[in-house]
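Biologist: I am new to this structure and would like to learn how to read it. Could you walk me through some features, one at a time?

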Amino acid sequence: MKSLYGRFLSFTVGIMMTSALVAFLVVNTYYHQQLKGKNDAKNMNIAEQIASFIENDEALDLDLYLQTQAGIGYKLYVVNEDREAVLYGAPFRKMDLPAATLDDVLAGDSYHGMRDLKTETFMTGFFSDQLANTVGVPFTHGGKNYALFMRPDIKFLFTEVHYLLGGMVIVMAIFSLLSMLIVAKKLIEPITMLTAATKKVAQERFDEPIDIQRRDEIGQLASSFQKMVDRLQQSDRMRKQFISDVSHDFQSPLLNIKGYATLLLDPAVREEERTNYVSIINSETDRLSTLTKQLLLLTSLDQLESPLRYKRFRLDEQLKDIVRKYRWALEDKVLSLSMDIEEIEVEGDPAFLEKVWENLLSNAVKYTEEGGEIEVAAVNGEDCAIITVRDTGIGIPASHLDKLYERFYRVDDSRTRNIEGTGLGLSIVQQVVTLHKGTIEVASVEGEGTTFTITIPKL
């Protein structure tokens with residue numbers, strides 16, 4: 001697998017080469033459309049000035065003058081009417097001047113080789129060191145006709161400034177490439193760290209924080225990843241605690257059932273004791289059944305993507321039905337119940353909301369001593385339904401209120417040790433209310449009672 005660093009290096013080099021090619025093509029187009037004709041005209045003007053100067057000075061030492069012109073940066077090729085040619089300056093790489101061109105210039109025509117050269121497509125044709133890539137003009141000296149072909153000497157075109165500029169470009173390119181490599185390394189380092197961190201997370205190692213202090217997108221990714229790891233760590237702890245709690249809550253009634261079942265096998269057990277043992281076994285069986293049902297309900301709430309099946313229904317009628325189901329329990333503990341329920345229609349999942357009222361009313365009955373009071377109220381608000389379940393039971397200590405909705409959490413108090421419970425009821429209540437985009441509030445005074453207030457949007 002090719003590394004990200006290698007890809008970045010390949011992309012960087014490719015971009016630099018592509019940029020150089022594009023720049024060359026752009027400059028080439030500009031040269032052919034704008035500069036080529038101007039360059040030819042400029043050199044033609046110089047050649048005509050040389051020819052004019054020669055023709056206006058009959059006493060001029062032609063050979064010395066042409067050598068002087070060659071010394072200041074030009075290549076000159078001079079041919080007289082007898083086809084005798086003399087080269088001034090450095091020799092041309094290629095002597096490819098057509099004979100017809102020579103005849104035309106001797107006859108008085110001008111030659112625009114720099115403008116009309118067809119053999120070179122790119123702007124490098126400007127630097128092509130060949131005789132055909134010149135400008136030609138006729139002149140007369142000493143009664144003879146001459147043809148003068150001229151072009152600048154390449155080595156004089158590249159001065160110290162050009163070499164400095166060229167060197168600067170090369171240094172810039174090398175420095176840019178090295179800088180990009182360093183920057184790429186710095187950019188990829190946190191990604192490498194994140195990759196290593198993901199492997200640790202896959203091994204359930206959540207206790208090693210990611211030390212990436214950046215404010216860019218990678219920093220945001222690292223921050224989000226760390227938050228994800230923290231949530232996974234929390235979920236992992238909850239999962240392990242959940243398994244431990246489930247094991248404990250199943251083990252305790254199972255041990256009781258097994259113990260009392262063993263005692264029942266003893267033929268010497270009296271009938272009164274036998275009945276008591278059977279009652280305990282039946283109670284523990286009911287406890288296991290309730291725990292299993294609540295665990296299944298929590299699983300459905302956790303795993304289903306859309307656990308709610310919304311429909312409009314009468315919430316007041318549902319509350320009254322729940323109260324009727326618990327009438328026997330109320331009479332058994334001699335509890336008085338008052339209801340103030342307004343007619344309310346909401347949109348929600350009646351099956352899940354039923355579990356909310358069952359758990360709240362069940363807790364109220366369970367933790368209210370004989371002769372106590374329970375009040376159920378429902379107010380039809382403008383955009384929400386407000387349901388209140390209040391009891392005069394034993395209450396909840398203030399230090400336990402923030403943990404009330406944790407799974408398997410039970411208040412460890414001497415007054416509740418003989419009260420059966422799974423520690424899952426309020427967790428189910430909170431989760432169902434949250435899924436309905438509602439809120440749950442609790443107010444409790446130890447020894448005086450507890451009030452749960454549920455707000456459900458009517459949608």
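Biologist: Is arginine 270 buried, partly exposed or exposed?

Modeller: Buried means under 20% relative accessible area, exposed over 50%, and partly exposed in between (1.4 Å probe, protein chains only). Arginine 270 counts as exposed because its relative accessibility is 53%. Keep in mind that this is a predicted model, where local features need pLDDT of at least 70, side-chain atom pairs count only at pLDDT 80 or more, and totals for chains, interfaces and linings use all residues. Residues are numbered from 1 along each chain as its sequence is written, and side-chain values use heavy atoms, with hydrogens and water left out.

Biologist: Which side chain does arginine 270 meet in a salt bridge?

Modeller: A salt bridge is a side-chain nitrogen of Lys or Arg within 4 Å of a carboxyl oxygen of Asp or Glu. Here the partner of arginine 270 is glutamate 273, at 3.1 Å from N to O. Glutamate 273 is partly exposed, with a relative accessible area of 28%.

Biologist: How many salt bridges does a search of the whole structure find?

Modeller: The search finds 14. One of them joins aspartate 321 to arginine 324, at 2.0 Å from N to O.

Biologist: What separates aspartate 321 and arginine 324 along the helix?

Modeller: An α-helix has 3.6 residues a turn, so residues three or four places apart point the same way. Aspartate 321 and arginine 324 are 3 residues apart in helix H9 (residues 315-325), so about one helical turn separates them. Helices (H or I, at least four residues) and strands (E, at least two) are DSSP runs, numbered from the N terminus. Aspartate 321 itself is partly exposed, with 35% relative accessible area.

Biologist: Which parts does the salt bridge of glutamate 375 and arginine 390 tie together?

Modeller: These two side chains meet at 2.7 Å, N to O. Glutamate 375 lies in strand S9 and arginine 390 in strand S10 (residues 384-391), so the pair ties together parts 15 residues apart in sequence. Glutamate 375 counts as partly exposed at 27%, and arginine 390 is partly exposed at 28%. Salt bridges that share partners also join Arg314, Asp316, Glu317 and Glu343 into one network.

Biologist: Which residues gather in a patch of negative charge?

Modeller: Patches are made of residues with over 30% relative accessible area and no salt bridge; like charges are joined within 9 Å, and nonpolar side chains (Val, Leu, Ile, Met, Phe, Trp, Tyr) within 5 Å. Asp and Glu count as negative, Lys and Arg as positive, while His and the chain ends are not counted. The place of a charge is taken as NZ of Lys, CZ of Arg, CG of Asp or CD of Glu. On this surface, Glu331, Asp332, Glu369 and Glu370 form the negative patch. Glutamate 369 sits in the loop between helix H11 (350-366) and strand S9 (373-380), and at 57% relative accessibility glutamate 369 counts as exposed.

Biologist: How should I read strands S1 and S2?

Modeller: Two strands pair if DSSP finds at least two bridges between them. Strand S1 (residues 74-80) and strand S2 (residues 85-88) run antiparallel, joined by 4 bridges. Leucine 76 stands opposite tyrosine 88 in S2. The hairpin has 4 residues between the strands, and arginine 83 takes a positive phi near 65° there.

Biologist: Why is helix H12 described as largely enclosed?

Modeller: In H12 (residues 425-435), 8 of the 11 residues are buried, so the rest of the structure largely encloses this helix. Among them are Leu426, Ile428 and Val432. Just after H12, lysine 437 takes a positive phi of about 60°.

Definitions and conventions:
Areas by Shrake-Rupley, 256 points an atom, 1.4 Å probe, with all protein chains shown as cover.
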